[in-house]
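Subject: Structure for your files

Hello,

Here is the structure I said I would pass on.

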Amino acid sequence: MLISRRHASSALWVSLGALLACGWLFAGEPGYAVPTTWTGTTSNVWSTGVGTNWSAGYSDGDDVTFNDTGLNTNITISGTVIPGSITFDNSIAYSLTSGIISGAANIVHNGSGTTTINSTNNITGKTFLNGGILSINADARLGTAPGSP
């Protein structure tokens, strides 16, 4: 993919990689994960395009973190969200309900807290339990099962 930028004196074609090197790409560009942390300052709703509950906004593909600084920790997912990755680094309790978590995200659970996933989950990534408790209340919440060996 080429992106053009015209100057008064000449036409300059710059590859996407060069744009990255020059710092011309901005947070939220499609295809680029942005790290963001749940704040929950406005409500308990996690929704695509609604960034007020996140430290850096939220768009599908972003790498999301839930830690001890978040308010409204009983989170309602509105519609379908497709995070790039999901990290829980918490000693407080979180729960995710309603909606759908989709995509190829890995779930990483650190810290001593409990996280309960009550939402539908069809992610295809891996789950890493490095600490605490990750509670999934039904098989349908586990995501896509791996193929048979």
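The notes below cover the aromatic residues, one serine and a sheet.

Please keep in mind that this is a predicted model.

Aromatic residues. A search of the whole structure gives 10 aromatic pairs. In one of them, Trp38 and Phe66 are tilted, with 6.2 Å centre to centre and 35 degrees between the planes. This pair links distant parts of the chain, 28 residues apart: Trp38 lies in the loop between strands S3 and S4, and Phe66 in strand S5. Both residues are buried. Phe66 also pairs with Tyr94; the ring centres are 5.4 Å apart and the planes stand at 65 degrees, so this pair is edge-to-face. Here strand S5, with Phe66, is linked to strand S9, with Tyr94. Phe66 has 0% relative accessibility, and Tyr94, at 2%, is buried too. Trp38, Phe66 and Tyr94 are among the members of one aromatic cluster, which also includes Trp46, Trp54, Tyr58 and Phe88.

Ser95. This residue is also in strand S9 (residues 94-97). Ser95 counts as buried because its relative accessibility is 13%, under the 20% cut-off. Its side chain makes a polar contact of 2.9 Å with the side chain of Asn74. Leaving out residues up to four places away in sequence, Ser95 touches Thr73, Asn74, Ile75 and Thr116.

Sheet. An open, parallel sheet of 3 strands runs in the order S7-S10-S13. S7 (80-81) and S13 (120-121) are at the edges with a single partner strand each, so one side of each has no neighbour in the sheet. S10 (residues 100-101) pairs with S13 over 2 bridges, and Ile100 has Thr120 as its bridge partner in S13.

Regards

Key
Residues are numbered from 1 along each chain as its sequence is written. This is a predicted model: local features need pLDDT of at least 70, side-chain atom pairs count only at pLDDT 80 or more; totals for chains, interfaces and linings use all residues. Side-chain values use heavy atoms; hydrogens and water are left out. Helices (H or I, at least four residues) and strands (E, at least two) are DSSP runs, numbered from the N terminus. Buried means under 20% relative accessible area, exposed over 50%, partly exposed in between (1.4 Å probe, protein chains only). A polar contact is a pair of N or O atoms within 3.5 Å; within protein, one must be able to donate a hydrogen and the other to accept it, and residues adjacent in sequence count only if both atoms are side-chain atoms. Contact means heavy atoms within 4.5 Å. Two strands pair if DSSP finds at least two bridges between them. Rings of Phe, Tyr and Trp (its six-membered ring) pair if their centres lie within 6.5 Å; planes under 30 degrees apart count as stacked, over 60 as edge-to-face and the rest as tilted.
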